[in-house]
Amino acid sequence: LLAFAALVGAGPSLAATYETTGTIPGLGSAHVVSYTINGQADSTYAVGFNAKLGGVTGVSFCGDLLHTIGVPGSYQSTPIDLSGLDAAYTAAAKIAQRWSFDLGSLGSSLADAAAGVQLAIWETIYGANFTITSGLGAGTQAAYDEVLGTDYSSLGVGNTVFLDVSKNGQPKQDHFFTPNGPSTPEPGAALLFAAGLAVVAR
C-alpha cells in the first residue's frame, strides 16, 4: 500500500514518450467522417493508431476532438486520472480496452472496425454534443452499433491509460493507449503500467 501511494503521488515522474507509428489499417484506407461538436462542423479521420508508450507497443484511440496529432510523430505524455473526469471517459477507456486487439471480431474490415470503435468512443465522451453528419458505410455502421450496444458494466479499464499528449509544451490530441503484451518500457511507462492507473488531474 505504501508503494502504491508513492506511485499515486509521483505525478510528473510518470511522464513517458508517446509515439504514433501508423494507423489501422493505414491512413489510405481510413474513413473520413464529418461531424458537429458543440454546434461546430468539422471532419476528421476515424481510425485506430499503432503507437508506442515508453517503448511499449500498443493500440490507441482518440479521446479528444479539440486537438490534432501527426502520424508518425513523437510526443510527451502524462497519464490522466480518470477518476477526476466525467464517468464517460472511464466508459470510453473500457471500449478501448475491449476492442483494441479484437477489431476482427466486429465482422467488418479493419478500416470499418477501427472507425466504428473510434466513433463509439467519441459518442460516449461527447454525448449529445457530438453528431455524425456524414453517411456511414454498412460495415462501419455495424461496428459502431455493436460497440455501443455492448454491455461493459462487468469490465474494467485493464491496462488502458488515458494520455495527456503534448509537444514542446503545446497540447496535442489526448489518446487512450492499450499496451500489447510485455516489453521493456522506459522508467516512466514502467511506473505507469505497474500502478495500473492514471495520476494527473485534468
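Helices (H or I, at least four residues) and strands (E, at least two) are DSSP runs here, numbered from the N terminus. The model is a predicted one, where local features need pLDDT of at least 70 and side-chain atom pairs count only at pLDDT 80 or more, while totals for chains, interfaces and linings use all residues. Residues are numbered from 1 along each chain as its sequence is written, and side-chain values use heavy atoms, leaving out hydrogens and water.

Let's start with Asp174, which sits in the loop between strand S9 (170-171) and strand S10 (175-179). Asp174 counts as buried because its relative accessibility is 2%; the cut-off is under 20% relative accessible area, with a 1.4 Å probe and protein chains only. A polar atom of the Asp174 side chain lies 3.1 Å from the backbone nitrogen of Val165.

Over in strand S1 (residues 16-24) we find Thr23, which is buried too, at 8% relative accessibility. Its side chain reaches the backbone nitrogen of Leu27 at 2.8 Å. Leaving aside residues up to four places away in sequence, Thr23 touches Val47, Gly48, Phe49, Asn50 and Val71, where touching means heavy atoms within 4.5 Å.

Now for the helices. H3 (residues 110-126) packs against H4 (residues 138-149) at about 45 degrees, with the axes 7 Å apart. That angle makes the pair oblique, the class left over once angles under 35 degrees (roughly parallel), over 145 (roughly antiparallel) and 65 to 115 (roughly perpendicular) are taken out. On the H3 side, the residues in contact include Ala113, Val117 and Leu119, and on the H4 side they include Ala143, Tyr144 and Val147. By class, this contact has nine nonpolar, four polar and two charged residues.

Definitions and conventions:
Axes fitted to C-alpha atoms, helices over the stretch in contact; angles between N-to-C directions. Nonpolar A, V, L, I, M, F, W, Y, C, P; charged D, E, K, R; others polar. Buried < 20%, exposed > 50% of the residue type's maximum accessible area, 1.4 Å probe, protein only. Polar contact = N/O pair within 3.5 Å; in protein donor to acceptor, adjacent residues only side chain to side chain.
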